[in-house]
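Welcome to my notebook. Here is the structure I looked up, with my entries below it.

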Amino acid sequence: MNNLPTLKIKDGFLGQTMVVMSPDQKEKVQLHPFFNNLFPDAIGYFPNAKNHSRSRKNGIKEYIFLYCLEGDGWIKINGKTINLKPNTGFIIPENTAHKYGSSLKDAWSIYWIHFAGNYAATLYNRFSTSSEEAIKIAFDQSRISLLNEIIKLLENNLSDEKIESIHFKLLTFFSSICYSNTAEIPIEDKISHSISFMKAHLSQVLTIDELANQAFYSVSRYSELFKQKTGYSPIQFFIRLKIQKSCEYLNFTNLNIKEICKEVGFDDPYYFSRMFKKQIGLPPMQYKKTHN
């Protein structure tokens, strides 16, 4: 007998899908570490959900994610009203009183997820940059596919493999929206151009002044911004690039140390060997023997 049936609610909607974990199924899977880290307790899709609404005076133990695809609706929480429009979402934190519902004029179509686990609070904090408005979510069909795949997996008895698959799919879904700004930061800034410049001039000896001038910054400002972006000073980073390139020469060519030094801009082979060992942990020739 299927322990995770697709449930129909009394005021159901044509084309809806809804799956809720039964208590015995939850008891069975709760010992799995992936379940304890992040897992949906319930998930569904309500298309054109006219008159859909919920009111919970004390909230629930899980976080509630609402994702509007069409139409619009509202969420009342902490004395505020949040408008939910197409391509927006909102997470209601656990144990928080709330009400939400579809617009009477333009019924919403929403995916919703009740989720919990050790990762839940962190994902909530990353997603909820503002508690006073819904978060814009650029439409991406792959996200919808992930949600539908999770629903389909939950409709069946859960093996360890399915538990893990659901966990990773849900984590992938939330990561795609919680960390979208990280992926969208423009990489073609002056520091990125400077790093490209370094890579194109590995055979040269560049000073901090030359690098700062190339980026159109003062030395102090350039060094500050560079370390913010990379965690290294410009010269440290330049040397790291040189050593990384020298590893390629050691792995894929028959160049000797003197020739490699020329290719990566080291005048002194002994200094090169010292920097190589400091970064890689082995002298250059020992590294070559180890990796060939």
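Entry one. I started with a strand pair: β4 (residues 63–70) and β9 (residues 109–116) run antiparallel and are joined by 7 bridges. Strands here are DSSP runs of E, at least two residues long, and helices are runs of H or I of at least four, numbered from the N terminus.

A note on the source: the model is predicted, local features need pLDDT of at least 70, side-chain atom pairs count only at pLDDT 80 or more, and totals for chains, interfaces and linings use all residues. Residues are numbered from 1 along each chain as its sequence is written, and side-chain values use heavy atoms, leaving out hydrogens and water.

Entry two. Next I followed the sheet around this pair, which is open, antiparallel in its pairing and made of 6 strands in the order β1-β2-β9-β4-β7-β10. At its edges I found β1 (17–20) and β10 (135–136), each pairing on one side only. Two strands pair if DSSP finds at least two bridges between them.

I then took in the chain, which has 13 helices and 10 strands. Its C-alpha atoms fill a box of roughly 80 × 45 × 30 Å along the principal axes.

How much of the chain is buried? I noted 42% of the 292 residues, where buried means under 20% relative accessible area with a 1.4 Å probe, counting protein chains only.

Last, I checked contacts (heavy atoms within 4.5 Å). Among those with a separation of 6 or more, 70% link residues 24 or more positions apart.

How values were computed: Buried means under 20% relative accessible area, exposed over 50%, partly exposed in between (1.4 Å probe, protein chains only).
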